[in-house]
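Hi there,

Here is the structure I promised to hand over to you.

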Amino acid sequence: MRMVFRWYGEGNDSVTLPQIKQIPGVEGIVWALHDIPAGEVWPMDRILQLKEQIEGHGFHIEVVESVNVHEDIKLGLPSRDKYIDNYKQTIENLGKVGVTTICYNFMPVFDWVRTDLHKELEDGSTALFYEKVKVDAMNPSELVHKINENPDFTMPGWEPERLSRLSELFEAYKDVTEEKLWDHLHYFLERIIPVAEENGIRMAIHPDDPPWPIFGLPRIMTCRDNFRKLLKLVDSPYNGITLCSGSLGANPANDIAGMVREFADSIPFAHIRNVRRYDNGDFIETSHRARDGSVDICDIVKAYHENDFTGYVRPDHGRHLWNEQCRPGYGLYDRALGIMYLWGVWDSLERTKRGSVSC
Ligand code: DNO
């Protein structure tokens, strides 16, 4: 398990590289050029700039999260070829600087969705919360109306330029069934995986969060069967998964440790975090500790350990602790605590395996 930490870049993140340096065992920074719109090529000079900055603090830049996929590719529009060519060029550029893993997602329009970014937990900390009835009640036109009424209405993962095109996008997705979305993913992967392969980069798709359709839009990266299907679309070690225990954990039917055991060789990158599910379909993010949420983080780490996992791992969304002002879910403290929990489980498994006192 190779520990990495997501960082949004200078001026864009409350956490600093020197702070990350003091978290035990973090070897690399998970990064992206967040200001480059989906569909555009990541310029080499910008990549090199960030490389120098991150490496200057003793971290590697092997993991990128994410290179976002243009909506026209997900929609299967004729213009997709142009954006796929740009995507290939970005893969090549990233290959030149030693990137080995690219995380991406194939969620129509929205990335992760929550209804409350600062819901208070019983210990006084706050965390991201999803209230199912609220999202279920929001149909596309209501959503568009809400955004038109309040142009500042936004959520993390909702890129402003996508929001301004929201009604147009809902209209465009009207006829995109799950089956069509699969076809569009297939088309994309058939073209980019050979390029990833040539450049030594493993593509790792992120599950949909939450792992079910929202606002009438299809979502397909949701469960074990669908990951099986994904891996068959293009049979290559470069076609892989970012297994996110928190995203998949929102659905009680997902046996995440089982997925780790089945897909271990196809998981270059793991996101490990916990969520607490409620019977009505709501969920809240908790500390990483197994007993604080509904996801058995210990068993998940055990499953990676059994498979001698040498891929990258990052803690994922954390709670906001001790009045920390940070990007929702991306503070320093709870993610650092999460890392120590993951190392604790991992090191004790190592010790048991080796039967020695040293980890
Ligand atoms: C949330 C993240 C996601 C992820 C993208 C990958 O915190 O896990 O936003 O970065 O879905 O493309």
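**What I found**

In this chain, 73% of the contacts with a separation of 6 or more are between residues 24 or more positions apart, where a contact means heavy atoms within 4.5 Å.

Before you go further, please keep in mind that this is a predicted model, in which local features need pLDDT of at least 70, side-chain atom pairs count only at pLDDT 80 or more, and totals for chains, interfaces and linings use all residues. Residues are numbered from 1 along each chain as its sequence is written, and side-chain values use heavy atoms, with hydrogens and water left out.

**The whole chain**

You will find 14 helices and 12 strands; these are DSSP runs, numbered from the N terminus, with helices being H or I of at least four residues and strands E of at least two. The C-alpha atoms fill a box of roughly 60 × 50 × 40 Å along the principal axes.

Of the 359 residues, 56% count as buried. Buried means under 20% relative accessible area, exposed means over 50%, and partly exposed is in between (1.4 Å probe, protein chains only).

**Two residues to look at**

Start with S287, in the loop between strand 11 (283-285) and helix 13 (297-306). S287 has a relative accessible area of 11%, so it is buried. Its side chain makes a polar contact with the side chain of D292 at 2.6 Å, and the S287 side chain also reaches the backbone nitrogen of R289 at 3.0 Å. (A polar contact is a pair of N or O atoms within 3.5 Å; within protein, one must be able to donate a hydrogen and the other to accept it, and residues adjacent in sequence count only if both atoms are side-chain atoms.) Leaving out residues up to four places away in sequence, S287 touches N274, D292, R319 and D334.

Next, go to V97, in the loop between helix 4 (80-96) and strand 4 (101-104). V97 counts as buried because its relative accessibility is 9%. Which residues does V97 touch, not counting those up to four places away in sequence? They are M44, I47, L48, K51 and I61. V97 and L48 are 49 residues apart in sequence, with their C-alpha atoms 7.6 Å apart in space.

Happy exploring!
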